[in-house]
Amino acid sequence: MELVVGILSKLLLTWSSLGSNSGDPTIRAKCLALKSGLNIQNTTILDASYLPVKSKISTLGTCQSTATHSASLCRVQFHTNTTLTSGIDAEAWLPDEWYGRFLGLGNRGLGGCIAYDELDYASSLHFATVASNNGHDGDSALPFFQTPEVLNGFSFRSIHVEAVVGKQIVEAYYGRPHAKSYYVGCSTGGRQGTQAALKFPEDFDGIIAGAAAIDFNHLVHWTGMLSRYLGSPNAASSPSFMPLSMWKLIANEVLRQCDGLDGVFDRVITEPDACDFRPETLLCREDQVSSNLCLTTAQVEALRKIYSPLYGLDGELVYPRYDPGGEGSPLISFTFSGDFPPYTKQWLEYVTLNVSDYNISDYGLNHGALIDSVNAGDIATFNGDLSAFRDRGGKFLSYHGRADPIIPSGNSRRFYDLISRTLSMPNLDTFYRLFLVPGMDHCAGGLGAANFGQLPGTQTQNSSSHNILFAMVDWVETGVAPDSIIGTASDGATRAHCRYPVRSLWNGSAFICQE
Ligand SMILES: *[C@@H]1O[C@H](CO)[C@@H](O)[C@H](O)[C@H]1NC(C)=O
Ligand SMILES: *[C@@H]1O[C@H](CO)[C@@H](O)[C@H](O)[C@H]1NC(C)=O
Ligand SMILES: *[C@@H]1O[C@H](CO)[C@@H](O)[C@H](O)[C@H]1NC(C)=O
Ligand SMILES: *[C@@H]1O[C@H](CO)[C@@H](O)[C@H](O)[C@H]1NC(C)=O
Ligand SMILES: *[C@@H]1O[C@H](CO)[C@@H](O)[C@H](O)[C@H]1NC(C)=O
Ligand SMILES: *[C@@H]1O[C@H](CO)[C@@H](O)[C@H](O)[C@H]1NC(C)=O
């Protein structure tokens, strides 16, 4: 308990007097009673089980067959009808040792998958935690095909229902309502958190949204265009294609040109926008043939396009450029395998055009314009008017890896600037903070100081300086906002991540945040 510092311990003292459930002999009975004793509109309790010691459990849905819980808790599985043609499957994990906090979780990709590892993480930190399947099973857009209410669930409704129903289950079980409510998610989960702040500003007091898949239509389109620039290994007309093995060459050249710009050669680029990567240095000389050592003109041209912002048919910016620095990630296969990205293909077919199959061989800017104009389910999630969330006292923490090969960090900066302009606030410090994380991959991982408690497996210290969940609790419950977040790299090195637009500068012995 020594390590539980700061606000969590303070509130433990305050709230344990309200009656922690540990030591209550009727706790198991109380949990099992939820199975028949709960009457929540449109909701069926599928099961309620009391799990006193760490164990392996079976799961709902087809995404994974088993999961692990660590804390001693009451597990409630439920289904809620959200409309006549849609519903969610969800789980509430209610720890014995509870400090009055509710926490909702998001999903990933086109998911479909209950975030069991995150349920485990947050319930171990004593949050009453709820996660849902986002209204469908599996990681595909097929369930949205000609079922607009299932699409609406994915776009905006599931997290709201999870919060509304979850809070009722929490109150029924603990005999008192939650004191504060939180949300944590990354990628699609980051988009869901942003959508919650926009459409249901009352649901959460604090929202943590990482590497958010916001401006979703443009993201889906940009991913398709990157793949198109690269071409495919099978098409004779694709002299630009480079197999994944060749990206090592590109990764090394990006670092050769840009690693030292921040003052330190550590294979981490602090400011990718300062990197004016010139792929021409990799061109084969006349006497060379393309190989893992040099590139053809067509390949260099493809890289030029990949590292440039994407503009639409009308010349407007559609999406920021690929961040130089993420090429070493195994996740580059998501975009650069040579197969047209499945999320883009499925979104175009099942959601935009409402056809079961579409030949994407001529995919181009006009398809992006169509995806955007249909904006099915109001999925875009790119509206800078967070005034309702701000005015009800909501706090928002965003973070984004600067070596993210799936969603470029420039998009999170662009959203910050959009909110700034929309609300006429020169900076958003009072309610919204964005931490840019040099060298971090998508949501976690990479060579940077990428561990700061944002996800399971990234917790180093239970403190608000090193764990973004603790930082959020501090902000919401005591008004102390994080000026920086200290991340820890896999080798143990630490680095303070700065809130945008504060810069991260090398002072000769450490990176410091320069106000
Ligand atoms: C949910 O919808 C199904 C199918 O329409 C219906 O059979 C069931 O009774 C509903 N459940 C609740 C709790 O409303
Ligand atoms: C219950 O379901 C009905 C119809 O499916 C819907 O109109 C209503 O809003 C739902 N209630 C809640 C609390 O979600
Ligand atoms: C396809 O269906 C969605 C609703 O699921 C709708 O928003 C969209 O307009 C439809 N697309 C076309 C091209 O009709
Ligand atoms: C897709 O369209 C291209 C170009 O129009 C054509 O060459 C190709 O055969 C089509 N593929 C399929 C599977 O129909
Ligand atoms: C953080 O606190 C939780 C719950 O009290 C505990 O299980 C976990 O081991 C702690 N982690 C660290 C790194 O101290
Ligand atoms: C650089 O910053 C670190 C961390 O704040 C500090 O300990 C060190 O003294 C600074 N070095 C110089 C040269 O200012």
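On a 1 Å grid laid over the protein atoms alone, a cavity is a set of points where a 1.4 Å probe fits but cannot get out, and its lining residues have an atom within 4 Å of a point. Grid points are joined across faces, edges and corners, and a volume is the space filled by probe spheres set on the points. By these terms, the largest cavity of this structure has a volume of about 60 Å³. This is a predicted model, in which local features need pLDDT of at least 70 and side-chain atom pairs count only at pLDDT 80 or more, whereas totals for chains, interfaces and linings use all residues. Residues are numbered from 1 along each chain as its sequence is written, chains are lettered from A and ligands numbered from 1 in the order in which they are written, and side-chain values use heavy atoms, with hydrogens and water left out.

**Cavities**

- Three cavities of 30 Å³ or more are found when the whole structure is searched.
- The largest cavity is lined by 16 residues, of which F156, I159, H160, Q192 and A196 are the closest to its centre.
- Two or more lining residues of the largest cavity come from each of α4 (148–174) and α5 (188–199), helices being DSSP runs of H or I with at least four residues and strands runs of E with at least two, numbered from the N terminus.
- With eight residues, α4 gives the most to this lining.
- The lining of the largest cavity divides into six nonpolar, seven polar and three charged residues, where Ala, Val, Leu, Ile, Met, Phe, Trp, Tyr, Cys and Pro count as nonpolar, Asp, Glu, Lys and Arg as charged, and the others, Gly among them, as polar.
- The second largest cavity holds about 50 Å³ of space, and the residues lining it include L103, L105, E118, Y121 and A122.
- To the lining of the second largest cavity, β6 (101–105) and α3 (116–124) each supply at least two residues, and the largest share, three residues, is that of α3.
- Eight nonpolar, one polar and one charged residues make up the lining of the second largest cavity.

**Ligand 3**

- Around ligand 3 stand P148, V351, T352, N354, V374 and A376, each with a heavy atom within 4 Å of the ligand.
- Taken alone, ligand 3 exposes 360 Å², of which the protein buries 56%, with accessible areas taken from the Shrake-Rupley method with a 1.4 Å probe.
- The shell around ligand 3 has four nonpolar, two polar and no charged residues.
- A nitrogen atom of ligand 3 lies 2.9 Å from a backbone N or O atom of T352, while an N or O atom in the side chain of N354 is 2.5 Å from an oxygen atom of ligand 3.

Terms used:
Polar contact = N/O pair within 3.5 Å; in protein donor to acceptor, adjacent residues only side chain to side chain. 1 Å grid on protein atoms, 1.4 Å probe; cavity = no way out; pocket = protein on both sides within 12 Å on 5 of 7 lines; lining within 4 Å.
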